[in-house]
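Please consult the sequence and the structure shown here while reading.

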Amino acid sequence: MTAEVQALWAAAGQTPEVRLRTAAEWDPVRLGVHPAPGPDGTVDLPLTEYLTRPHDTTLRQRLARMAAANQAALVLLVGRSASGKTRALYEAVIAVLPDWPVLFPADAEELTAWIEAADIDPRTVLWLNETQRFLDGAAGERAARALGRLLDQVTPLAVVGTMWPEHMRRLTNRQKGLEGAPHTLALLTRPHAMITVPDTLAGDPAAIASAAARDPRVAVAVRAAGSGQRVLQHLTVGPELVRRWEMGPDQWFTAPEHAVLTAATEARRLGHAGAVPARMLMEAAAGFMDSAARATAGKEWFPAAIGALTTTEGGPAPLIAERHEPGVGEPDSYRPDDYLEQHIRRVRAQLAPPAAFWSGARWARTADDAYALGRAAEQRRRYGSAVPLYEQAVEQGHSQARAALAVLRATTEGQATAEETAATDPVAWAALAVTREAEGDGPASYDAYRRAAESGDSWAWAAMARIREAEGDPVAADAVAARAATAGEPLAWRTLGRMRAVQGAVAAEAFEQAARAGDGWGDMGLAQVAERSGDLAAAVAHATRAAGKEVGAAWAALVRLYWALGDHASALEAATSGADAGHPEGWSLLARLRNAAGDRAGAAAAHREAAGLGVGAAWRELALLAESDGDRVAAEEAAAQAARTGDPEAWTALAEAREEMGDEAGAAHAAAEAARAGDVDAWIMLARARENAGDRRGAELAADLAAERGATDAWSALSRIRERAGDRDGSRRAVLRAAALGASDAWTALGRVREELGDIPAAERAYVHGCKAGDVEAYAALGALYLEQGRTHEACAAYRSAVDAGLPDAWEGLLSAMAAQAPRATSAQTVGRLRTTGLPAEK
């Protein structure tokens with residue numbers, strides 16, 4: 001309720017009753033559920049009958065455990081477009097949490113505001129459909145940090161969302177976490193947060209046939225899907241929209257309509273997180289029309305195209321209108337249908353957009369969007385397009401943009417301009433320092449680290465000390481560390497201590513300086529030095545001081561040290577004290593020490609203590625311990641308890657152990673339980689193990705079961721195993737099955753195996769298949785193969801596609817292929833120029 005509405009109620013002397021809606025009270029379309037249009041194109045029909053699949057059981061069990069145990073849980077359904085993710089969430093929340101209100105924030109800013117205002121109560125469902133919208137960019141990083149706190153503070157609470165696999169891969173890329181999104185990375189890599197959803201409706205044929213008999217929409221979708229089992233996509237008319245777009249301009253869609261759809265998808269593919277602003281779309285779309293279309297489109301071409309694309313006549317609209325400006329009014333932004341978007345992303349993955357697109361990108365909505373588009377331009381070596389986008393992001397206050405701009409200008413305009421760009425930004429100076437160090441320019445990198453430290457980057461001091469130490473000047477390194485400690489940064493001393501580890505007393509002096517500056521990890525360094533020298537009593541004293549300075553790892557170190565001294569009572573006391581301080585890992589270590597000493601009963605007891613304190617791996621260890629003792633009942637009870645706490649990996653570990661012992665039935669049972677609990681890797685493991693054991697039928701059954709749960713890796717793995725075994729026919733059948741299930745990288749992986757085996761023609765064929773499947777890595781592999789064979793023109797073409805796809809390593813490959821072409825003098829001159837200017841944006 002807005003402040004204005006509240007004021008009106010107050011003026012009337014009344015207090016409005018605010019009642020939040022449950023899932024059943026929300027319009028499912030508003031929550032993101034795709035409607036299934038009728039045969040006549042009507043879209044305001046009830047939802048089709050819901051047919052459950054294996055992931056539904058996993059999802060509902062996880063939500064039920066969360067509610068029963070008074071916990072907070074993050075559950076993300078990950079799968080391709082139109083695979084039924086949102087509908088599965090909707091049905092699960094209605095079934096398991098029917099009376100919990102569902103909160104649906106509009107974006108990252110609103111989500112963060114709600115959390116910071118403490119507006120989210122226990123027994124609430126926080127609905128984050130298309131979760132990447134809430135986690136992209138700086139606003140997304142703030143939202144991720146707030147979400148992490150919320151999950152730690154409010155119970156019971158269900159945070160549910162959906163995401164495409166490519167978004168999950170992008171957001172969980174470790175490099176992204178290092179670049180400034182650690183909270184997003186930590187949130188998405190929480191244990192057991194992800195459930196994979198297949199994009200097929202494999203299941204009980206009788207149930208599907210029965211539903212088709214009751215609902216003509218299902219019947220039409222089943223007939224259209226054929227043997228591919230992609231019924232869900234046909235229920236949303238996704239394939240029909242793809243067919244219409246694939247016809248090209250001036251067919252189903254006019255040239256302006258086709259261009260607008262393509263431009264909207266390109267904007268999203270290249271980093272624009274939300275709906276695309278109309279001004280950006282209008283300017284960018286011009287680049288996707290030929291000269292005749294631009295000349296004959298008419299003055300009102302854009303509103304006409306928008307009107308046609310956003311109408312629901314004939315089924316769901318290919319373009320969805322939104323409003324992001326304050327207040328109520330006309331739409332100002334647009335995003336494509338997600339199934340169509342995913343298809344266009346795939347078929348254009350190796351293509352760079354035209355110059356008009358980069359020009360239109362200046363109308364990006366936020367600083368995050370401008371920065372992301374600038375990164376996309378730089379990754380595709382369109383330096384001239386990247387610079388103005390980075391400049392725009394800098395002007396709008398993006399925290400990483402100045403650093404990116406400075407590093408780019410070091411390439412395009414030289415170090416002086418780069419330093420001028422860095423100004424007093426510590427992030428920019430640190431980025432310049434890292435780049436210079438990677439290039440081997442020690443003095444310049446040291447100077448940049450110094451500037452970063454002077455500007456406030458605490459980590460730069462450690463880098464400066466490391467460089468001086470590596471140069472063989474310990475006196476200068478000590479001087480840097482001393483200055484850093486005076487500035488309140490003891491990390492430099494600790495860094496020197498680690499570098500001098502083999503020097504014993506010298507290392508201890510550095511760690512002692514860190515400890516004197518209040519760094520508990522300095523005390524831990526002293527403990528390690530003492531332990532290596534055999535002085536365990538001194539190591540205990542140092543580790544005790546570290547624990548007193550709240551270094552959590554110190555408690556496990558004390559468990560290990562006391563055990564080595566033979567003081568098992570003190571080891572037990574350290575494990576207990578560590579747990580009391582919030583660090584229960586010492587119990588797991590104690591369990592392993594007891595097990596190694598032959599005390600299996602004591603090990604089990606310690607694992608139970610760890611499990612009771614929330615150590616995720618403890619139940620798994622108990623299960624394996626019981627299994628090795630031959631107590632199958634106890635093993636499965638422990639695995640089941642692990643699953644009840646949200647950890648399916650105990651069942652997976654049992655499956656692996658039983659497969660190694662030749663217990664195929666027991667392994668299959670454990671794998672099925674693991675999959676039911678959310679870990680399909682058990683089926684993939686079984687498929688590999690059974691193929692290696694010669695059980696082809698069992699391997700393919702396991703691979704099919706993995707595919708039913710959304711994982712295609714098993715079939716891809718089978719193709720590679722068979723290829724190495726010389727079974728070319730079996731390999732081909734497996735890779736075709738993997739590709740049919742959507743594993744676009746299966747052919748590329750097989751090509752690498754063929755290349756390792758020396759079958760270059762077969763590797764080339766596999767890479768070509770990979771390119772056709774939309775795997776951009778295949779272009780780079782093909783480029784390298786061609787370059788080795790001296791086929792430089794073909795190598796240039798392949799590498800150019802890889803560069804246009806944004807693959808970082810492809811750039812040097814392209815330049816090498818160009819340099820290898822004749823005449824060499826001309827090529828060398830061209831290569832030198834391109835290293836500085838990058839590639840021009842296509843007209």
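How close do the axes of helix H28 and helix H29 come, and at what angle do they cross? The model is predicted, and local features need pLDDT of at least 70, side-chain atom pairs count only at pLDDT 80 or more, and totals for chains, interfaces and linings use all residues. Residues are numbered from 1 along each chain as its sequence is written, and side-chain values use heavy atoms, with hydrogens and water left out.

**Two helix pairs**

Helices (H or I, at least four residues) and strands (E, at least two) are DSSP runs, numbered from the N terminus. Two packed helices are described by the angle between their axes and the distance between the axes. Axes are lines fitted to C-alpha atoms, for helices over the stretch in contact, and angles run from 0 to 180 degrees between N-to-C directions.

The axes of H28 (residues 491–499) and H29 (residues 505–516) come within 8 Å and cross at roughly 160 degrees. H28 is therefore roughly antiparallel to H29, a term for angles over 145 degrees. The crossing of H28 past H29 is left-handed, meaning that the near helix is turned anticlockwise from the far one by less than a right angle, whereas clockwise would be right-handed. In contact (heavy atoms within 4.5 Å), Trp-493, Arg-494, Leu-496, Gly-497 and Arg-498 of H28 meet Ala-507, Ala-510, Phe-511, Gln-513 and Ala-514 of H29. These contact residues comprise 6 nonpolar, 2 polar and 2 charged; Ala, Val, Leu, Ile, Met, Phe, Trp, Tyr, Cys and Pro count as nonpolar, Asp, Glu, Lys and Arg as charged, and the others, Gly among them, as polar.

For H14 (residues 255–269) and H15 (residues 278–285), the axes come within 9 Å and cross at roughly 115 degrees. The H14 and H15 crossing is right-handed. Here Ala-259, Val-260, Ala-263, Ala-264 and Ala-267 of H14 meet Met-280, Leu-281, Ala-284 and Ala-285 of H15. The contact of H14 with H15 has 9 nonpolar residues, with no polar and no charged ones.

H3 is mostly covered, with 9 of its 12 residues buried, that is, under 20% relative accessible area, against over 50% for exposed and in between for partly exposed (1.4 Å probe, protein chains only). The elements covering the buried residues of H3 include helix H2 (54–68), strand S1 (72–78), strand S2 (102–103), strand S3 (124–128) and strand S4 (157–163).

Glu-691 lies in helix H40 (residues 681–692) and counts as buried at 12% relative accessibility. Leaving aside residues up to four places away in sequence, Glu-691 touches Arg-696, Ala-699, Leu-718, Ile-721 and Arg-722.

**Backbone features in loops**

Asn-70 is in the loop between H2 and S1, and Ala-423 is in the loop between helix H23 (415–422) and helix H24 (426–438). A cis peptide bond, with omega about -10 degrees, joins Thr-155 and Pro-156. Pro-156 is placed in the loop between helix H6 (137–153) and S4.

Methods
Angles under 35 degrees count as roughly parallel, over 145 as roughly antiparallel, 65 to 115 as roughly perpendicular and the rest as oblique.
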